[in-house]
Amino acid sequence: QVQLVESGGGLVQAGGSLKLSCAASGRIFSIDTMAWYRQAPGKQRELVATTSDGTTNYADSVKARFTISRDNAKNTVYLQMNMLKSEDTGVYYCYQRINLRQYWGQGTQVTVSA
């Protein structure tokens, strides 16, 4: 069965950087959209960045600081996060549309200390 595994979260001081990875495995015939979401305690999950059809889109709050990229040969999507702020703290979830179905990673905690 298709599975997404996330890695790269952790604790970092404000202004620092982290890079998240999300690798898919299983019977994969196609992958189109890849994205990252995040959810802070007590808040709704929000879209952070997405990549599809060679294009990328970002939430206004992370533009110029975060970069989403992908390695199709490895079925992996990345999120490079720079100039991190305390408000970036939350659980980050990977999303991939695989075989025309939606799959989610397990979530990885990102904590930014002020």
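**Stop 1: the start of the chain.** Select Gln 1, which sits in the segment before β1; helices (H or I, at least four residues) and strands (E, at least two) are DSSP runs numbered from the N terminus. Before going on, note that this is a predicted model, where local features need pLDDT of at least 70 and side-chain atom pairs count only at pLDDT 80 or more, while totals for chains, interfaces and linings use all residues. Residues are numbered from 1 along each chain as its sequence is written, and side-chain values use heavy atoms, with hydrogens and water left out.

Is Gln 1 buried or exposed? With 90% relative accessibility, Gln 1 counts as exposed (buried is under 20% relative accessible area, exposed over 50%, partly exposed in between, with a 1.4 Å probe and protein chains only). Ignoring neighbours within four places in sequence, Gln 1 is in contact with Ser 25 and Gly 26, contact being heavy atoms within 4.5 Å. Now draw a distance from Gln 1 to Thr 51: their C-alpha atoms are separated by 23 Å, and the two are 50 residues apart along the chain.

**Stop 2: the four-stranded sheet.** Colour β1, β3, β8 and β7, in that order, and you have an open sheet of four strands with antiparallel pairing; two strands pair if DSSP finds at least two bridges between them. The edges are β1 (3-7) and β7, each pairing on one side only. On average, neighbouring strands here are turned by 15° against each other, direction ignored. That angle is between axes, lines fitted to C-alpha atoms (for helices over the stretch in contact), with angles running from 0 to 180 degrees between N-to-C directions.

Zoom in on β3 and β8, an antiparallel pair with six bridges. Cys 22 has Val 77 in β8 as its bridge partner.

Stop 3: Cys 22 lies in strand β3 and Cys 94 in strand β9, so the pair ties together parts that are 72 residues apart in sequence. Which hand does the bridge have? The torsion about the S-S bond is about -80°, so this disulfide is left-handed. Both cysteines are buried.

**Stop 4: around Thr 76.** Thr 76 is in strand β8, and at 6% relative accessibility it counts as buried. Look for a polar atom of the Thr 76 side chain 2.8 Å from the backbone oxygen of Lys 74. Show what surrounds Thr 76, leaving out residues up to four places away in sequence, and you'll find it touching Cys 22, Ala 23, Met 34, Ser 69, Arg 70 and Asp 71.

**Stop 5: the core.** Next, select Leu 4, Trp 36, Val 48, Phe 66, Leu 79, Met 81 and Tyr 92, the residues touching the most other members of the 25-residue largest nonpolar core. Such a core is a set of buried Ala, Val, Leu, Ile, Met, Phe, Trp, Tyr and Cys residues joined through side-chain atoms within 4.5 Å. The elements giving two or more residues to it include β4 (31-39), β5 (46-52) and β9 (90-98). β3 gives the largest share, four residues. Centre on Leu 79: apart from neighbours within four places in sequence, its contacts include Leu 18, Leu 20, Trp 36, Val 48, Phe 66 and Tyr 92.

**Stop 6: β9 and its partners.** Seven of the nine residues of β9 are buried, so this strand is largely enclosed by the rest of the structure. Pick out its antiparallel pairings:

- β4 and β9 share seven bridges, with Gln 39 opposite Val 91.
- β9 and β11 share three bridges, with Val 91 opposite Gln 109.
- β9 and β10 share four bridges, with Tyr 95 opposite Trp 104.

**Stop 7: two hairpins.** β9 and β10 form a hairpin with two residues between them, and Asn 99 in the turn has a positive phi of about 55°. Asn 99 counts as partly exposed at 21% relative accessibility. Finish at β5 and β6 (residues 55-58), antiparallel and joined by four bridges; Ala 49 stands opposite Tyr 58 here. This hairpin has two residues between its strands, and Asp 53 in the turn has a positive phi of about 55°.

Key:
A disulfide is a pair of cysteine sulfur atoms within 2.5 Å. A polar contact is a pair of N or O atoms within 3.5 Å; within protein, one must be able to donate a hydrogen and the other to accept it, and residues adjacent in sequence count only if both atoms are side-chain atoms.
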